[in-house]
Amino acid sequence: PAFDPKNKMIAKSAKLANVCYDIRGPVLERARQMEDEGQRIIKLNIGNVAVFGLEPPEEIVRDMIRNLPDSAGYTDSKGLFAPRKAIMHYTQQKGIANVTIDDIYLGNGASELIVMSMNALLNPGDEVLIPAPDYPLYTAAVALSTGTPVHYICDESVGWMPDIADMRSKITPNTRAIVVINPNNPTGALYPREVLEQIVQVAREHQLIIFADEIYDKTLYDDAEHVSIASLADDVLFLTFNGLSKNYRSCGYRSGWMIVSGDKRYARDYIEGLNMLASMRLCANTPGQLAIQTALGGYQSINDLVKPGGRLRRQRDLAYELLNAIPGVSCVKPQAALYLFPKLDPAIYPIEDDQQFILELLEAERVLLVQGTGFNWKKPDHFRVVFLPHEDDLREAIGRIARFLESYRKR
Ligand code: PLP
């Protein structure tokens with residue numbers, strides 16, 4: 001029976017013991033309660049772009065509406081031909097070689113495909129190298145797939161670049177893959193070609209798969225250029241994840257994709273596993289699939305938001321300046337994505353439990369953030385700020401954070 005009479009409960013699977021996703025964790029629960037009580041909370045906690053008045057491009061919305069009556073059916077498990085063809089064209093633009101239509105999988109957001117790719121690969125004891133800090137889905141997905149997440153450090157003192165020596169030192173005979181999140185959530189770092197080449201070299205030497213998350217590849221500031229790591233080699237196996245959620249402000253449409261590229265010679269069995277899992281969930285939602293072609297081939301309005309004077313660029317600059325002006329707070333300027341990951345000087349803010357710290361901030365100032373340990377950063381000395389709200393709201397929110405920190409210093 002499912003009911004365990006001794007412990008008087010229906011227990012969750014032991015597979016979930018190490019699965020954690022704090023971005024939607026207990027602090028958010030408390031924020032919900034406070035909102036139910038009628039309090040207004042400024043939310044700098046999640047990259048839910050469209051709710052901040054950053055709506056999807058009009059042409060995508062119109063296209064979705066037009067297609068809706070004809071998109072009630074299942075599609076092929078990997079997805080419809082036309083959007084996959086559009087993605088194939090995009091891989092050509094990004095310099096990812098030899099991608100055929102069969103190498104492209106559409107999903108209900110990149111999230112589904114990330115979990116699928118780990119599930120299809122890992123056995124108990126298999127290790128995957130994941131950045132710290134990370135986007136915590138990777139650590140959770142590896143744990144759920146009975147693998148062991150092993151974190152390599154990204155170094156704040158050099159703009160949050162991956163520490164290649166640390167990465168190398170953590171490789172064991174059980175290591176199967178390296179996760180590279182570029183542009184990075186939560187740090188906003190964008191990796192130059194030389195850093196990516198070093199990661200490819202590590203993968204090459206140890207025959208590791210590279211999982212490349214490039215979901216922010218068009219959300220770039222300061223005229224930066226994004227290099228797809230999969231464009232740098234054809235003798236390593238790459239799985240590249242992307243989608244409409246961020247660059248096209250359409251995360252509710254749940255539209256993402258995965259591209260298998262590079263050295264597929266020995267990957268036939270793994271690819272069979274991927275195909276099996278893609279079949280089991282039947283297909284990605286059809287309206288979301290149909291939006292892809294219009295998005296990739298349409299007007300790239302993200303460029304207007306990130307250019308000098310653009311809304312996202314102004315908000316990034318403002319948040320960066322205001323946070324750095326708070327005593328004992330320092331942060332690296334994000335070159336991409338939607339986040340800052342400031343550091344709290346432990347000599348000034350001796351925090352022991354950063355979730356508690358974030359909860360106290362929420363109670364005192366009605367500003368919602370996510371604690372650094374929620375991104376598998378081991379020390380309780382960071383937090384993540386989403387700079388999506390309008391400048392007025394950002395000014396208000398960071399002002400409240402500053403006030404809270406001032407009271408914290410006086411404790
Ligand atoms: N990858 C990264 C790095 C993210 O930050 C996010 C969302 O915040 C996702 C993947 C999830 O993407 P999707 O909405 O396509 O599932």
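Analyst: Let's begin with a word we will need: a residue is buried if 20 or more other C-beta atoms lie within 10 Å of its own, exposed if 12 or fewer, and partly exposed in between, with C-beta atoms placed from the backbone. Helices (H or I, at least four residues) and strands (E, at least two) are DSSP runs, numbered from the N terminus. Residues are numbered from 1 along each chain as its sequence is written. The model is predicted, so local features need pLDDT of at least 70 and side-chain atom pairs count only at pLDDT 80 or more, while totals for chains, interfaces and linings use all residues.

Our part is helix H4, residues 109–119. Eight of the 11 residues of H4 are buried, so the helix is largely enclosed by the rest of the structure. Those buried residues are Gly109, Ala110, Glu112, Leu113, Ile114, Met116, Ser117 and Met118. What covers them includes strands E4, E9 (209–213), E10 (237–243) and E11, along with helices H5 (137–144) and H8 (268–280). Contact here means that the C-beta atoms of two residues, placed from the backbone, lie within 7 Å.

Two of those covering strands deserve a visit. In strand E4 (residues 104–107), Ile104 and Leu106 are buried on one side, and Tyr105 and Gly107 are buried on the other. E4 pairs with E11 (residues 256–262) in the antiparallel sense over four bridges; two strands count as paired if DSSP finds at least two bridges between them. Within this pairing, Ile104 has Ile259 of E11 as its bridge partner.

A residue is near a molecule if its C-beta atom, placed from the backbone, lies within 6 Å of it. In all, 13 residues surround the ligand, and the closest are Gly109, Ala110, Ser111, Gly243 and Ser245. H4 gives the most to this shell, with three residues. By class, the shell has five nonpolar, seven polar and one charged residues. Here Ala, Val, Leu, Ile, Met, Phe, Trp, Tyr, Cys and Pro count as nonpolar, Asp, Glu, Lys and Arg as charged, and the others, Gly among them, as polar.

Now let's step back to the whole chain. An automatic or database domain assignment gives the domain bounds: domain 1 spans 3–54 + 304–409, and domain 2 spans 58–297. The C-alpha centres of the two domains lie 25 Å apart. Where they meet, 32 residues of domain 1 are in contact with 33 residues of domain 2. On the domain 1 side, helix H11 (311–324) and strand E13 each give two or more residues. That side has 18 nonpolar, seven polar and seven charged residues.

Strand E13 leads us to a sheet. Three strands form an open sheet in the order E13-E17-E16, with antiparallel pairing. Its edge strands are E13 (339–340) and E16 (370–371), each pairing on one side only. E13 and E17 (residues 383–386) pair over two bridges, and Leu340 stands opposite Val385 in E17.

One last stop is Ile46, in the loop between strand E3 (42–43) and helix H2 (58–67). Ile46 counts as partly exposed because it has 17 C-beta neighbours inside 10 Å. Leaving aside residues up to four places away in sequence, Ile46 touches Ile23 and Val386.
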